[in-house]
Amino acid sequence: MRKFHQNREAIYPFDEWKIVETKFEPRFNHRSESIFSLGNGYMGMRGTLEEGIPGDVQSTPGIYINGIYETEPIIYGEFMACQPQEYQSMINITDWRSLRVSVENEEFSLFQGTVRDYARTLDLKQGVLTRKLIWTSPQGRQLRIVFERFISQSNQHLALMRCAVTPLNFSGTITIRSSVNGDVNNFHHLRDKALQVLSTTCTNEGGAVISETKNSGFTIGCGVTHRTYPKVPIMGSATTTSLEFIAKFQGKPDQTLFFHKFIAVSTSRETHPQKLQSFVLDLAEERAEQGWEKNKQAHINVLAKYWEDTDIQIEGDPALQQGFRFNALQLLQSTGRDGKTNIAAKGLTGEYYEGHYFWDTETYIIPFFLYSQPELVRKLLEYRYSILDPARQNARRMRNKGALFAWRTINGHEASGNFLGSTVQYHINAAVAYAIHKYVEATDDFDFLAEKGAEILFETARCWADRGVFLESRGGRYCINEVCGPDEYKPGVNNNCYTNYMAQFNLYLALKAGHILKERFPEQYKLLVDKLDLNEEEFKQWEKCADLMYLPFDPELGIFPQDDSFLDKDPIDIDSIPYEDIPLVANWHPLVIWRYQVIKQADVILLLFLLGDQFTLEEKKANFDFYEPRTTHDSSLSPAIYSIIASEVGYYDYAYNYFMQTARLDLDDYNKNVWQGIHTACMAGSWMCVVNGFAGVRTYGGKLWFKPYLPDKWSRYSFKIKFRGCQVKVVVEKETTSYTLLVGDTLEIMHNEQPVTLTQGHTQTRGNHE
């Protein structure tokens, strides 16, 4: 096995519930903007400074709305038939962030005067960002300044900011300026300006900016209002693209002056364009009347419930405790909850990957939420149903039947112009099907299956049954050629092992869904069969394809070949690759990468996890031993899966090391690219490492299975799982694991392959080696 990656030195002090920056360093500003991001699934903002920064400091200011994008034509260097013609990019919307403080004729800036007692803190428990400091102006005036902001978890349209200023050694005029700027741009990807301001309106305390995208047809409204304590006049003004509000205080030593900003944002997706202005103005004013504390408490209450169900408590490693909670907060902040949106690869923390949704959701994000927030998972799957028609169009583009979900998209249409990194990855269909299976298994929500899920399963099965071929050269087996599995370093291969197994699973699942609907929802079954023009012959064809699926295995090596050609490619010693060449995708020509036995991310190893009950422990060990030394982990999706399988086969040092790389990938900036935005799938992977890895949790045959152990560095860990209307608390210690049924009457689970019956309010304890 190859040597471990070296874990990075911590950037932020260890604190189980906080991320604290104790010194502002301009060279790290770009990175900090991602780390200190806020959001609520609908809206997100990067951690840019309220007062702004000089132009020579790297920065990507950004405020985003999930699923709101601009379109532009894809420009190709050469013509190729049937390529996507238009991409979508999440846009940077109206900038409502600015608050500037000045004393007499001196404006506060971290870049002039002197700063002491500086601390910027992201409170993970409360989802609030605070920045505190004492500033001495060039002329010697001292002020204590506290900025605080949050994006409401209790109302998706709402954000609040406040500035508290305390003169320390003088009396004088202190001015606070608040602005809203509609003249914004994207800093990456889009060639042209996306937003144009339609109107601005202003009163003394508040106002609104209404903007419209040029091509995609979205209208966006941003309304603000303000309050001051003690109360002073606020003077508002407007230009054609912006608003500004000025409040002047007469400050005295040790007197704290407050300026509150209430922001409301909505779009034409959920509010009629003609009502946008009144909606955002009324909401901002309504919440201003309620006041800062009431709005903040409502926000905190939502997070308190979230942490009650989702938190993993780790005793013995504060670094990983902090890492997990940071990841869990960022996932909640970035995930859509309305059935119309999803979660982007960078969440709502940056423009990179253009706000696109990938298979990451079904394979990594949904497992994280499923056993604590199942209602949110239903919404993520409803999004997939909402784009089923574009998926059907995508299948037709590829001359397939049924539906083929786009590899990267916002509106359902393929947004990638590189088919070797997108359309070739048919396995996204199986990822969606697998997520539907896991959701229904965990919730018994058969209504969803009848109303939406079965239609997705039928259309994806239809695609698989049309995509392959029965080959005599393979003994009449059903083969799927010219695809790419999760390992993107091997596109256009035949019989990718992961793809074939998952396609078989998708086909069988569709047949099972048909039987369930026919028995339990006969009327809906008939309507769906008629709608899709399905018949028994087609169902039989699905069964034949699944039964005869070619499933590669090499008996000599005892492994599952990744594809038909992988074992014939040039061997390579991964450890011989220079560090500066990693990631290979950024440094080697694709043809160079393709010729080697080098893997970007977990492929066969992911299969061994998702369909784990189909493989023996010996097979898992043999495949881990073979593929691990050939994997560069150039994708952040990879280490979590290797950690899980390492736990299962008893390679505990490997499991822990890979877990470290998922839990603190962004906090410690492993890849030196967190400035682009967080890595949401990897963040979800940190939960999977603990629950699926260390605790050995699986769901086989409609039951929860546990095979727990305690990492050497920990004294214990605990978490909760919701399953079929029940909730179980699990506490893992060195020698024993305790299970307590918190919700539900009874639940039978499996501990180390032995049945355990839980009853509400009682704790069952079992040995970890039983």
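Partly exposed here means a relative accessible area between the buried limit, under 20%, and the exposed limit, over 50%. Keep that in mind for the salt bridges below. The model is predicted.

**Stop 1**

Select Glu-244 and Arg-100. Their side chains meet in a salt bridge, 3.0 Å from N to O. Glu-244 sits in strand β18 (residues 242-251) and Arg-100 in strand β7 (residues 99-103), 144 residues apart.

**Stop 2: a buried pair**

Now select Glu-33 and Arg-46. The closest N and O atoms of this salt bridge are 3.0 Å apart. Glu-33 belongs to helix α1 (residues 29-35), while Arg-46 is in the loop between β3 (43-45) and β4 (63-65). They are 13 residues apart. Both are buried.

**Stop 3: loop to loop**

Move to Lys-600 and Glu-488. This salt bridge spans 2.7 Å, N to O. Lys-600 lies in the loop between α13 (590-594) and α14 (604-610). Glu-488 lies in the loop between β22 (477-479) and α10 (497-520). The pair therefore ties together parts 112 residues apart in sequence. Lys-600 has 12% relative accessibility, so it counts as buried. Glu-488, at 23%, is partly exposed.

**Stop 4: a network and a helix crossing**

How many salt bridges does a search of the whole structure find? The count is 51. For a linked set, select Asp-389, Arg-392, Glu-455, Glu-459, Arg-462, Lys-531 and Glu-538, which form a network of salt bridges.

Keep Arg-462 and Glu-538 selected. From α9, look for Phe-458, Ala-461, Arg-462 and Ala-465. They meet Glu-538, Phe-539, Trp-542 and Cys-545 of α12. The contact has six nonpolar residues, two charged and no polar ones.

**Stop 5: the nine-stranded sheet**

Colour the strands β1-β9-β10-β11-β12-β19-β16-β15-β14, in that order. They make an open sheet of nine strands with antiparallel pairing. Find the edges: β1 (18-21) and β14 (195-202). Each has a single partner strand, so one side of each is left without a neighbour in the sheet. From one strand to the next, the twist averages 15°.

Zoom in on β16 (residues 219-229) and β19 (residues 257-267). This antiparallel pair is joined over 10 bridges. Select His-226 to see one of them: its bridge partner in β19 is Lys-261.

Helix α2 (residues 276-290) lies across β12 (158-167), β14, β15 (207-213), β16 and β19. It runs at about 25° to β16. Helix α4 (residues 318-334) lies across β1 and β9 (114-123), at about 70° to β9.

**Stop 6: the five-stranded sheet**

Finish with β20-β25-β26-β27-β30. This open sheet has five strands in that order, paired antiparallel. Its edge strands are β20 (313-315) and β30 (763-767), each pairing on one side only. The twist averages 20° from one strand to the next.

Which strand do five bridges join to β30? It is β27 (residues 736-743), and the two run antiparallel.

Conventions: Residues numbered from 1 in each chain as written. Predicted model: local features only at pLDDT ≥ 70, side-chain atom pairs only at ≥ 80, totals over all residues. Heavy atoms only, no water. Pairing = 2+ DSSP bridges. Helix = DSSP H or I, 4+ residues; strand = E, 2+ residues; numbered from the N terminus. Axes fitted to C-alpha atoms, helices over the stretch in contact; angles between N-to-C directions. Salt bridge = Lys/Arg side-chain N within 4 Å of Asp/Glu carboxyl O. Buried < 20%, exposed > 50% of the residue type's maximum accessible area, 1.4 Å probe, protein only. Contact = heavy atoms within 4.5 Å. Nonpolar A, V, L, I, M, F, W, Y, C, P; charged D, E, K, R; others polar.
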